[in-house]
Amino acid sequence: MFIKIVKIFLIPLACIITLGVINAYVFVPDLRRHGEIVAYRGGGSAVNYEKLNKTGCTSLSIKASRANSVENTLEAVASSIAAGAKVIHLNVHKTSDDQLVVFHDWTLDCATNGSGPVHKTSFEQLKSIDAGYGYTFDDGATFPFRGKGFEISKLEAFYKRYPKYEFWLNLKNNDIRSFETLYEYLSGKIPNHIVITSSKGMEWFRNKDPSLRLASVDSVKNCAIGYLLVGWAGLVPESCRNTVLFIPPSMTKYFWGYPERLASRLQSYGSDVYLWSRHEPITQPYNDVVASGIGVITSDLDFIRATQADKRINQDVISKE
C-alpha cells in the first residue's frame, strides 16, 4: 500500500520535472538584445566596500584610481558617456523648495562642506556647496576633489545636456510630495527612464501611471526568489515580467540559464537582467556576459571602454521571429 501511494506521487512529479527540463532546454526564446552598460551613480571613483561598512560614508572610502570626477555630477556623467555608456544611473533628492537635485547621501555632512539633510536644504543653499570637499582615499591626508568645482546640480541639467540618453532615477525620498514632484517632472518627457523607488513609491507610481518602468529593492527580491524557484523549468514568474533584475556577481551561479538563457527568457517578458557591480573594478571577462544579453551596472571606465570596443556587442542582435 505504501509503495503504491509513493508511486502515485512520484510518477507525476517525475513527469513534471522531465517536462520542465525539456521546456528549459529546448524551448528557449531568441535573444533580443545585448546587455547594456549602466554608469552607476553617473560614474566616479572605485570604492573600498569593506571600509565603507565601517565608515558609513562613500567619500571616506574611495580607492586611489584614475577617475577624475565625483559621483552624481555632470563631470562624472561626461566621463562615462565619453567611455561609451548609454544608460546613466543617478540618485535624486527633492529639496525643501521642491527642486530635484542629484546627490547620493541623505545628509551633506560627509561628502561636502555643508551640513544637514538634503531634503531640508534649498537649492539656493546647495549652489554654494563643494560636492567634492570630503572625498579622500588616504584617510584624510589628501582631498583630491576639494575645490575643483564639483557641484550638486539639478536633475534638469542632466536631461538638458544628454537628452538622448536613458536615465535610471533612484529617488531617495519616500514621501508623497517627492513622488508627485518627480512624476510632474517626468510627465511629457520621452520614456527613456526607470524610476527606482521604495515599495511605497512603487505603489504610488503604478497607480498614477502603469506605463512607467519601475523597480524597488522588494521588486528585485521578489523576482529573484520567484525565478530561483521555477527558473529551472524554463518558467518566468509574474514578479519577473516588465521589470529589471539586479544580480550581485557572486550570486550568478544560482540563477538557472545564466547568462544567455536567463537573459533571453526575461527579455521575452519585457525584462532585463543586470550584474550589480557598482563602484567596484571589474576584473572578470564580462564582455562575453554582455554579448549574451546581461547588462552591467558599473563605474569602471576601463571596462566600459573595452565593452564598447567589442564588435560582437556593437552589432545588432538578429531576431529569428
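User: How many cavities of 30 Å³ or more does a search of the whole structure find?

Analyst: This is a predicted model: local features need pLDDT of at least 70, side-chain atom pairs count only at pLDDT 80 or more, and totals for chains, interfaces and linings use all residues. Residues are numbered from 1 along each chain as its sequence is written, and side-chain values use heavy atoms, without hydrogens or water. On a 1 Å grid over the protein atoms alone, a cavity is a set of points where a 1.4 Å probe fits but cannot get out; a pocket is an open set with protein on both sides within 12 Å along at least five of seven lines; lining residues have an atom within 4 Å of a point. The number of cavities of 30 Å³ or more is three.

User: How much space lies in the largest cavity?

Analyst: Grid points are joined across faces, edges and corners, and a volume is the space filled by probe spheres set on them. For the largest cavity that gives about 100 Å³.

User: Which residues are closest to the centre of the largest cavity?

Analyst: The lining of this cavity has 15 residues. Closest to the centre are Val70, Glu71, Phe103, His104 and Tyr135.

User: Which element gives the largest share of the lining of the largest pocket?

Analyst: The largest pocket has a volume of about 780 Å³. Its lining has 36 residues, with Tyr40, Asn170, Ile196, Val217 and Trp276 closest to the centre. Helices (H or I, at least four residues) and strands (E, at least two) are DSSP runs, numbered from the N terminus. The largest share, five residues, comes from helix 8.
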